Amino acid sequence: MRSTTIAGNWKMHKTQAETKAFLQEFAPRWQPQGGVEVVLCAPFTALAMLSGAIAATGLPVAVGAQNVHWAEVGAFTGEIAPGMLVELGTKYVVVGHSERRQFFGETDETVNQRVRAAQAHGLTPILCVGETKALREQGQVESWIFGQLDRALADVATLPVIAYEPIWAIGTGDTCAPAEANRVLAAIRNHLGDRGGDTTLLYGGSVKGSNIAEILAQAEVDGVLVGGASLDPQEFAQIANAARPGK
Ligand code: PGA
């Protein structure tokens with residue numbers, strides 16, 4: 001059985017005070033379920049607050065970060081080492097988000113290094129892949145994504161969680177039709193071969209309370225990576241409550 005994962009990606013949102021307020025609103029609305037992993041990928045500055053609050057309240061949320069460097073320590077101004085994340089109780093880390101690729105020069109090769117370093121420290125990467133509108137119009141969805149996967153997963157023994165996030169659907173309200181997301185996830189699973197069967201595959205891109213049921217109903221969707229709608233504790237609780245244990 002594959003595990004179900006509902007991950008919120010807060011991006012560059014929420015101070016420590018806002019994180020605390022989110023948890024206070026979220027906790028009474030969320031009904032945790034065995035077999036459904038709920039993750040909050042917060043800014044680095046909120047990770048300690050998140051971990052501390054979870055430890056104090058027993059809320060079964062997993063802590064995630066949004067980037068990780070591959071070196072143990074060193075002269076890499078502005079980056080965060082994997083051990084630093086582990087120390088803060090981090091379990092997951094988003095790697096290769098399209099915003100990192102688009103705005104910060106992330107390449108498949110650096111994504112690969114980050115995935116491997118994260119895993120070496122016991123972190124579970126959430127590896128993001130996805131095509132632009134132009135690539136989709138040129139009929140290159142599969143070839144593009146398979147290329148991203150092959151390069152990002154070079155020398156990776158254990159597959160990470162993989163999130164399919166069509167770039168044109170991120171933050172646009174232009175959700176990929178659930179059946180189309182399912183089709184691409186099936187192609188990804190097939191491309192991963194023997195290892196694909198057990199891998200947790202997520203969909204991301206304009207997931208909301210109003211479309212979560214239809215998205216999660218798709219056979220290949222093991223969960224979602226939620227941006228904007230994860231900022232609202234009521235809506236994120238609604239999304240988390242819609243999930244059911246693994247397929
Ligand atoms: P969105 O973002 O839900 O706001 O579209 C998704 C993501 O970027 O992970």
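**Entry 1. The ligand**

I began at G171, where a backbone N or O atom lies 2.6 Å from an oxygen atom of the ligand. I note here that the model is a predicted one. I then looked up how much of the ligand is covered. Taken alone, the ligand exposes 280 Å², and the protein buries 95% of that.

I went on to side chains. In E165, a side-chain N or O atom is 2.6 Å from an oxygen atom of the ligand. For K11 I read 2.7 Å between an N or O atom of the side chain and a ligand oxygen.

How many residues surround the ligand? I found 13, and the closest are K11, H97, E165, G171 and S206. I sorted this shell by class and got 4 nonpolar, 7 polar and 2 charged residues.

K11 belongs to the loop between β1 (4-9) and α1 (16-26). Its phi is positive, about 55°, although K11 is not a glycine.

I placed S206 in the loop between β7 and α9 (212-216). Phi of S206 is also positive, near 60°, and this residue is likewise other than glycine.

**Entry 2. The barrel**

Next I followed the strands. In what order do the 8 strands close into a barrel? I traced β1-β2-β3-β4-β5-β6-β7-β8, with parallel pairing. From one strand to the next, the twist averages 25°.

I took one pair in detail. Strand β6 (residues 161-164) and strand β7 (residues 201-204) run parallel and are joined by 3 bridges. Within this pair, I saw that Y164 stands opposite Y203 in β7.

**Entry 3. Helices on the sheet**

I looked up two helices, starting with the one that touches β6. Helix α7 (residues 141-152) packs on the sheet, where it touches β5 (124-129) and β6. The direction of α7 makes about 150° with that of β5.

Which strands does helix α2 lie across? I found that α2 (residues 44-57) lies across β2 (36-41) and β3 (61-65). Against β3, helix α2 runs at about 165°.

**Entry 4. Recap**

For later reference, I keep two items. The loop between β1 and α1 holds K11, whose side chain has an N or O atom 2.7 Å from a ligand oxygen. The loop between β7 and α9 holds S206, which is listed among the residues closest to the ligand.

Technical notes: Residues are numbered from 1 along each chain as its sequence is written. This is a predicted model: local features need pLDDT of at least 70, side-chain atom pairs count only at pLDDT 80 or more; totals for chains, interfaces and linings use all residues. Side-chain values use heavy atoms; hydrogens and water are left out. Two strands pair if DSSP finds at least two bridges between them. Helices (H or I, at least four residues) and strands (E, at least two) are DSSP runs, numbered from the N terminus. Axes are lines fitted to C-alpha atoms, for helices over the stretch in contact, and angles run from 0 to 180 degrees between N-to-C directions. Contact means heavy atoms within 4.5 Å. A residue is near a molecule or strand if one of its heavy atoms lies within 4 Å of it. A polar contact is a pair of N or O atoms within 3.5 Å; within protein, one must be able to donate a hydrogen and the other to accept it, and residues adjacent in sequence count only if both atoms are side-chain atoms. Accessible areas come from the Shrake-Rupley method with a 1.4 Å probe; for residues, only the protein chains shown count as cover. Ala, Val, Leu, Ile, Met, Phe, Trp, Tyr, Cys and Pro count as nonpolar, Asp, Glu, Lys and Arg as charged, and the others, Gly among them, as polar.
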